[in-house]
Amino acid sequence: MAKFGKSAVSFFKGIYKILDKVIITPISKLIYRIGKILNKNNGRIEKFLNKSTTLLYLSLVLAIVFFFLINSKVISFVENEAEIITNQPIKVEYNKEAYVIEDLPTSVDITLIGRKSDLYLAKQLGENEVVLDLTDYEPRLEPYRVKLTYNQTINTLSYKLDPTYVYVTIKKKVSTLKTVDYDVINQDKLNDINPQLTVSSVELNTSEVVVKGSQDTLDKIATVKALVDLNNSKFTQATTYELENLPIVAYDENGNILSNVEVVPDTISGVVKFTSYSKNVPVKVLTTGDLVYGKAISSITINGKSDFFTTIYGEQSAIDKISDVNVTIDVSDQGNNGAKTYNVTIAKPNGVRYMSETSAQIVVNFGEAKQKEVVVKAIDTRNVPDGLTANAASKDDMSVTVQVKGVQSVIDAIKDDDITAYVDLSGYTIGEHTVPVQVEGPDTKAQYFVTKSVKIILANKN
């Protein structure tokens, strides 16, 4: 007890020293100077002010007055500030088994106003809970206007919610069975892991799931699919892998995910099988631009080979449609220099995920140009519109003469049957049309010229 008494005495002595230094002494000096200025000969005032108890009491009264002024915020040394807490989640209270809530915002902004210390404390507590209480609401077609509530942790702060009110629609929850399929996602990630792999099959452990939601939302469901994510570092070999916790989503007819749908179960398991399908195809050099007059290409080599191949990998359905890989070089104004070297990048065709060769050095040699005429006796029709047939209008429209230009050895090797002539009928309708003839030759070192157009009759199929 004695120890506590000594501590109390020391505490109050400390307070007195602070008051004496900060308040009593400065005020005493101020009053003394005022009295000296007003009346040096006024004995009563001087006698009154010179009393030590008078100065003590006066200083204490002023100190108490200042204390109450500050405490009541008549004089404030701390200004109010505002702090915005953004994207705070909304806690919705309702019967989740019976109802569905639509048009609900996912977050709200809270503006807190008050002293800086209180704002700091409110942020540190981290309990800025915003609640939307719908426990007493029933389903109906019209939306409700409901006020959000904020559970304050610091009562000295004022606040404002943005938005303060929300419009929500409450509907009855119904359920139905849906067939579940699968979608493969992050194919590009698999290319980074092992581009030679391709998914050959996916088997799910269930074929149906239960979907829950409002009736109008369930009516929008076009497909329900499990998502097979190929962004998995374990997918390195052409083998079968077991998959767990595949998420399930519902899509509308436009391919958009329907978020307000509950799927039971929300994940399933399955297996995915990888294969490595490939094909060896030639690299074909195409040219653009015009050579110097009287010159032609005598030979083309790729990486020192006249026949150069690359291996392509991808889906079998896509790879089977590819017969060669093209690379184009510009030969404008070439021919006088005897040869030209090109360092090129070989672009992957559509559907190819990996290619064994992606760059090459192409050497083109030039010689003197010769030419000859080749008669193509049959003209093919391509892209005939559905439901129509195409026929030549006359016998003259059934054949075409093609000018072939190249060095002598190249054009000598090209036979009449090697060149294909055709007309492209895309976009044409019933009736007679004049259509330009196009040609394709077997050797890209030669040039093929045709200026003829033929008359084609399009008619309905019988």
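Me: Which side chain makes a polar contact with the side chain of Thr217?
Reply: That of Ser214, at 2.8 Å. Keep in mind that this is a predicted model.

Me: Where is the place of Ser214?
Reply: In a loop. That loop runs between β11 (208-213) and α6 (215-218).

Me: Is Ser214 buried or exposed?
Reply: Buried. Its relative accessibility is 1%, and buried means under 20%.

Me: What is Ser214 in contact with, leaving aside neighbours within four places in sequence?
Reply: Val100, Glu102, Lys171, Lys172 and Val174.

Me: New topic. How many residues has the largest nonpolar core?
Reply: It has 25 residues. Ile221, Val224, Phe235, Ile248, Val272 and Phe274 have the most contacts inside it.

Me: Which elements give two or more residues to this core?
Reply: β10 (198-204), β11, β12 (223-229), β13 (240-251) and β15 (267-275). β13 gives the most, with five residues.

Me: Why would nonpolar side chains be buried together?
Reply: In soluble globular proteins, they tend to be.

Me: Back to Val272. What is Val272 in contact with, leaving aside neighbours within four places in sequence?
Reply: Val199, Ser201, Val202, Phe235, Thr239, Thr240, Tyr241 and Leu243.

Me: Now the open sheet of three strands. What order has it?
Reply: β17-β22-β20, with antiparallel pairing.

Me: Which are the edge strands?
Reply: β17 (295-302) and β20 (339-345). Each pairs on one side only.

Me: How are neighbouring strands of this sheet turned against each other?
Reply: By 25° on average, direction ignored.

Me: Over how many bridges do β17 and β22 pair?
Reply: Seven, in the antiparallel sense. Strand β22 covers residues 359-368. Ser299 stands opposite Asn365 in β22.

Me: Last one, Asn256. Where does Asn256 lie?
Reply: In the loop between β13 and β14 (262-264). Asn256 counts as partly exposed because its relative accessibility is 42%.

Me: What does Asn256 touch, not counting residues up to four places away in sequence?
Reply: Ala250 and Tyr251.

Me: And what separates the C-alpha atoms of Asn256 and Ala222?
Reply: 9.7 Å. Along the chain, Asn256 and Ala222 are 34 residues apart.

Conventions: Residues numbered from 1 in each chain as written. Predicted model: local features only at pLDDT ≥ 70, side-chain atom pairs only at ≥ 80, totals over all residues. Heavy atoms only, no water. Helix = DSSP H or I, 4+ residues; strand = E, 2+ residues; numbered from the N terminus. Buried < 20%, exposed > 50% of the residue type's maximum accessible area, 1.4 Å probe, protein only. Polar contact = N/O pair within 3.5 Å; in protein donor to acceptor, adjacent residues only side chain to side chain. Contact = heavy atoms within 4.5 Å. Core = buried A, V, L, I, M, F, W, Y, C linked by side-chain atoms within 4.5 Å. Pairing = 2+ DSSP bridges. Axes fitted to C-alpha atoms, helices over the stretch in contact; angles between N-to-C directions.
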